[in-house]
Amino acid sequence: MVISSTIADYDQNLHSTFASRYVRTSLPRFKMPDQPIPKDAAYQIISDELMLDGNPRLNLASFVTTWMEPECDKLIMSSINKNYVDMDEYPVTTELQNRCVNMIARLFHAPMGEDDTAVGVGTVGSSEAIMLAGLAFKRKWQAKRKSQGKTCDNPNIVTGSNVQVCWEKFARYFEVELKEVKVKEGYYVMDPVKAVELVDENTICVAAILGSTMTGEFEDVKLLNELLTKKNEETGWDVPIHVDAASGGFVAPFLYPDLEWDFQLPLVKSINVSGHKYGLVYAGVGWVVWRTKDDLPDELVFHINYLGSDQPTFTLNFSKGSSQIIAQYYQFIRLGFEGYKNVMKNCNGNVMVLKEGLEKTGRFNIISKDVGIPLLAFSLKDSSRYTVFDISESLRRFGWIIPAYTMPPDAQHISVLRVVIREDFSHSLADRLIADIVKVVNEMEDAQSAASMSRARNGTPSDDSTREMQRGITKYWRRFVQGKKTSSVC
Ligand SMILES: *Cc1c(COP(=O)(O)O)cnc(C)c1O
């Protein structure tokens, strides 16, 4: 991103240890070099620099997949040069995306017969999927208002204050007011009662989250559907529901098949899911499916023919890679329903290991629920001496990337640590993590008691070198972490 900041006090040139065997001059950092360099030098320079990135497998901040089978890696590499949009040239890739859309729509109980085809599209991720779903709602609402001779200047969307940033993006980019139901201490998801109270004639949809980013908790879509149906009947409106199942869409069907959250509920008109989260594919794939053809306004679909035959497209981007779609198809056929279920069960098992380990320390409150996304969100029972931010920073020392953040409004005074459990997080890593958390917490407590002992001895609370040192370390880590990350959770 052009507006990203760079580390200020660095040299304007890149120097490299091993690559100096190949090149003797340093490279400018922000200016394209005048001359080419040998390919092995370029490779060495970049891979040396990338060594300083964190290890993706230890990045417990993110839902996004960091491991796939080598066979799938092979398929990805062999399709890396295929542009997905060239559907005429790569009809098989297009066919695979269509199969994925149909599998997902059926997994989410779209009302369709054996021979019907689903309405949906592969995207770069849930963010693009949500932009498309939001646009469809906005367009449908506008068309209806126009046909009734009513104004359509002030569309709004109702969500919880716990929504992922992409909803705020949608609202700002596409000029829709975001009406947020505030969360509160002890209840960190959208309250359906309050959401329905916020609904008015300008509401294009209520967005419920299946798997809140903050705590992994599922919002009560069934109750929302009930309350909204009643409100629609009373008012004559037909406000629909979108389910943001970015993280939960590939969890709930396997772990909680009886949970009603999807197209089984009549007001749910579209659902997005991230293929690169629990869909188990590397970053770069999401999906949006609509209940029926009628829920996607025709005028949003473009028909192009300059690459060959007529192609309907409904995406924000034109060109993109094919690999992720192919990888998604691989996971679907490789794992099947039972395979996904096993993976999710395993993740849940590791959540429980971690939960028990943390409970045993007696220092944490577990905020996340047992039913939800496989993650553990927890807060400190006592933050008077050190905070979850200190723990997060100290854990970087061991390579763990575990974000600490404050809850959304009106629960900002609560801060939590969140550990996302993915397929590649093993039981032994869970044990290791618990040991490291205990170590970090003990160290901080020891430093604190040493500090208070020396205070007691000297009787001078201000002259406290241990505490100063601790503070210095904390400050260093904070700066280090802030310099590294763009946002805490994704
Ligand atoms: C991750 C996430 C998103 C954004 O999804 P991307 O696939 O990263 O674009 C949106 N909503 C929720 C609830 C999420 O967890």
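1. Helix α10 (residues 388–395) has seven of its eight residues buried, so the rest of the structure largely encloses it. A residue is buried here if 20 or more other C-beta atoms lie within 10 Å of its own, exposed if 12 or fewer, and partly exposed in between, with C-beta atoms placed from the backbone. The buried residues of α10 are Val388, Asp390, Ile391, Ser392, Glu393, Ser394 and Leu395. Helices (H or I, at least four residues) and strands (E, at least two) are DSSP runs numbered from the N terminus.

2. This is a predicted model: local features need pLDDT of at least 70, side-chain atom pairs count only at pLDDT 80 or more, and totals for chains, interfaces and linings use all residues. Residues are numbered from 1 along each chain as its sequence is written. pLDDT is the predictor's confidence in each residue, from 0 to 100. Its mean over the protein is 90, and 89% of the residues reach 70 or more.

3. One stretch needs caution. Over residues 480–487, pLDDT stays under 50, and the model has three contacts there beyond four places in sequence. A contact means two C-beta atoms, placed from the backbone, within 7 Å. Where pLDDT is low, the predicted coordinates should not be read in detail.

4. Overall make-up: the protein has twelve helices and 15 strands. Of its 490 residues, 40% are buried. Among contacts with a separation of 6 or more, 69% join residues 24 or more positions apart.

5. The largest nonpolar core holds 123 residues, and Val206, Ile241, Val289 and Val416 touch the most other members. Helix α9 (residues 323–361) supplies the largest share of this core, 13 residues. Such a core is a set of buried Ala, Val, Leu, Ile, Met, Phe, Trp, Tyr and Cys residues joined through C-beta atoms within 7 Å. In soluble globular proteins, nonpolar side chains tend to be buried together.

6. Ile241 deserves a look. Leaving out residues up to four places away in sequence, Ile241 touches Cys205, Val206, Ala208, Val221, Leu224, Asn225, Leu228, Leu267, Val268 and Lys269.

7. Met112 sits in the loop between α3 (91–107) and β3 (119–123). Met112 counts as partly exposed because it has 16 C-beta neighbours inside 10 Å. Beyond four places in sequence, Met112 contacts Ala105 and Ala118. Met112 and Arg291 are 179 residues apart in sequence, but 8.8 Å apart C-alpha to C-alpha.

8. Most residues other than glycine have a negative phi, and most peptide bonds are trans. Glu175, not a glycine, has a positive phi of about 55°. Glu175 lies between α5 (165–173) and β5 (177–181). With 11 other C-beta atoms within 10 Å, Glu175 is exposed. Leu280 has a phi near 70°, also positive. The loop holding Leu280 runs between β8 (268–274) and β9 (286–290). Leu280 is buried, with 27 other C-beta atoms within 10 Å.

9. Pro409 and Asp410 are joined by a cis peptide bond, with omega about 0°. Asp410 is in the loop between β14 (404–406) and β15 (415–420).
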